[in-house]
Amino acid sequence: MDKITVAYLQGTLGDSTYSKLHKTYRISQNNREWLLMLKNLLQSLEIKGWIYKEGKSRDVYVLETTFQSLSGDFDPCSLETTEEKQAYIRGYFDAEGGTSRVNTVRFYLQFAEKNKTRIEKVRNLLKELGINCGKIHNPSKVTDPDYWRFYVSADSYDKFVKEIGSWHPRKQKLLSKRVKI
């Protein structure tokens, strides 16, 4: 089994829900193109995945898979090679990361989610790979006391884009427009 592909898919689980009843992982979003790419990655591993629209009037699509090797409790510290670590972070960025969408807003690369332990591990992996990051912080304890975020430091943008990058179609385009390597 391709360890790089599996590491990427593990990273994407930050944006998933798990159904104990059906024993499936579900990733939902409005970008069907990325879900098709994930489905193709699963197929390359001979794993089934299916996509459907959630609701008649919503612009939300769901990729669902029964891939048993995926785990929401996966520890990225167990990854052995630099390439596997990069793939995991790439998948995590594609699921839980973000960047400015408009040129008039200062460029940034951020990671955000509610699982503080997981986000700490991702930040530590980035630092291990020589990518500088800011502190993990809670943007608003009033709005959501369990929401965590950190930014990639500006001096590491080029390194991040070159070594981590994105396989998410929308994020790929944004990164290629904003950061020139």
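Visitor: What makes helix 1 oblique to helix 2?

Guide: In this predicted model, helix 1 (residues 3-12) and helix 2 (residues 32-44) pack at an angle of about 140 degrees, and their axes are 10 Å apart. Angles over 145 degrees count as roughly antiparallel, 65 to 115 as roughly perpendicular, and the rest, apart from those under 35, as oblique. The angle of about 140 degrees therefore makes helix 1 oblique to helix 2.

Visitor: Which residues make the contact of helix 1 and helix 2, and what is the hand of the crossing?

Guide: Helix 1 passes helix 2 in a left-handed crossing. Helix 1 contributes T5, Y8, L9 and T12, while helix 2 contributes W34, M37, L38, L41, L42 and S44. Sorted by class, this contact has 7 nonpolar and 3 polar residues, with no charged residues.

Visitor: How do you know how helix 1 is placed against helix 3?

Guide: Two packed helices are described by the angle between their axes and the distance between the axes. For helix 1 and helix 3, the angle is about 35 degrees and the axes are 6 Å apart. Helix 1 passes helix 3 in a right-handed crossing. On the side of helix 1 the contact is made by K3, I4, A7, Y8, Q10, G11 and T12; on the side of helix 3 it is made by E83, E84, A87, Y88, R90, G91, Y92, D94 and A95. These residues divide into 7 nonpolar, 4 polar and 5 charged.

Visitor: Why are helix 3 and helix 4 called oblique to each other?

Guide: The axes of helix 3 and helix 4 cross at roughly 135 degrees and come within 10 Å. Roughly perpendicular covers 65 to 115 degrees, and roughly antiparallel requires an angle over 145. Helix 3 and helix 4 are therefore oblique to each other. Helix 3 passes helix 4 in a left-handed crossing. The contact is made by K85, Y88, I89 and Y92 of helix 3 together with R118, I119, V122, L125, L126 and E128 of helix 4. By class, the residues of this contact are 7 nonpolar, no polar and 3 charged.

Visitor: What makes strand 1 and strand 3 the edges of their sheet?

Guide: The sheet is open and has 4 strands in the order 1-2-4-3, with antiparallel pairing. Strand 1 and strand 3 (49-53) each have a single partner strand, so one side of each is left without a neighbour in the sheet. From one strand to the next, the twist averages 25 degrees.

Visitor: How do you know that strand 1 pairs with strand 2?

Guide: Two strands pair if at least two bridges are found between them. Strand 1 (residues 16-19) and strand 2 (residues 24-29) are joined by 4 bridges and run antiparallel. The pairing therefore meets the cut-off of at least two bridges. T17 has R26 in strand 2 as its bridge partner, and Y18 stands opposite Y25 in strand 2. Helix 2 packs on this sheet, touching strand 2, strand 3 and strand 4 (61-65), and its direction makes about 15 degrees with that of strand 4. In the hairpin of strand 1 and strand 2, there are 4 residues between the strands, and K23 takes a positive phi near 55 degrees.

Visitor: What makes strand 5 and strand 7 edge strands?

Guide: Strands in the order 5-6-7 form an open sheet of 3 strands, and the pairing is antiparallel. Strand 5 (97-99) and strand 7 (148-151) each pair on one side only. The twist of this sheet averages 25 degrees from one strand to the next.

Visitor: How do you know that strand 6 pairs with strand 7, and which helices lie on these strands?

Guide: Strand 6 (residues 109-113) is joined to strand 7 by 4 bridges, and the two run antiparallel. F111 stands opposite F150 in strand 7. Helix 4 (residues 116-128) packs on the sheet, touching strand 6 and strand 7, and its direction makes about 15 degrees with that of strand 7. Helix 3 (residues 82-96) lies across strand 5 and strand 6, running at about 75 degrees to strand 6.

Notes: Residues are numbered from 1 along each chain as its sequence is written. This is a predicted model: local features need pLDDT of at least 70, side-chain atom pairs count only at pLDDT 80 or more; totals for chains, interfaces and linings use all residues. Side-chain values use heavy atoms; hydrogens and water are left out. Axes are lines fitted to C-alpha atoms, for helices over the stretch in contact, and angles run from 0 to 180 degrees between N-to-C directions. A crossing is left-handed if the near helix is turned anticlockwise from the far one by less than a right angle, and right-handed if clockwise. Contact means heavy atoms within 4.5 Å. Ala, Val, Leu, Ile, Met, Phe, Trp, Tyr, Cys and Pro count as nonpolar, Asp, Glu, Lys and Arg as charged, and the others, Gly among them, as polar.
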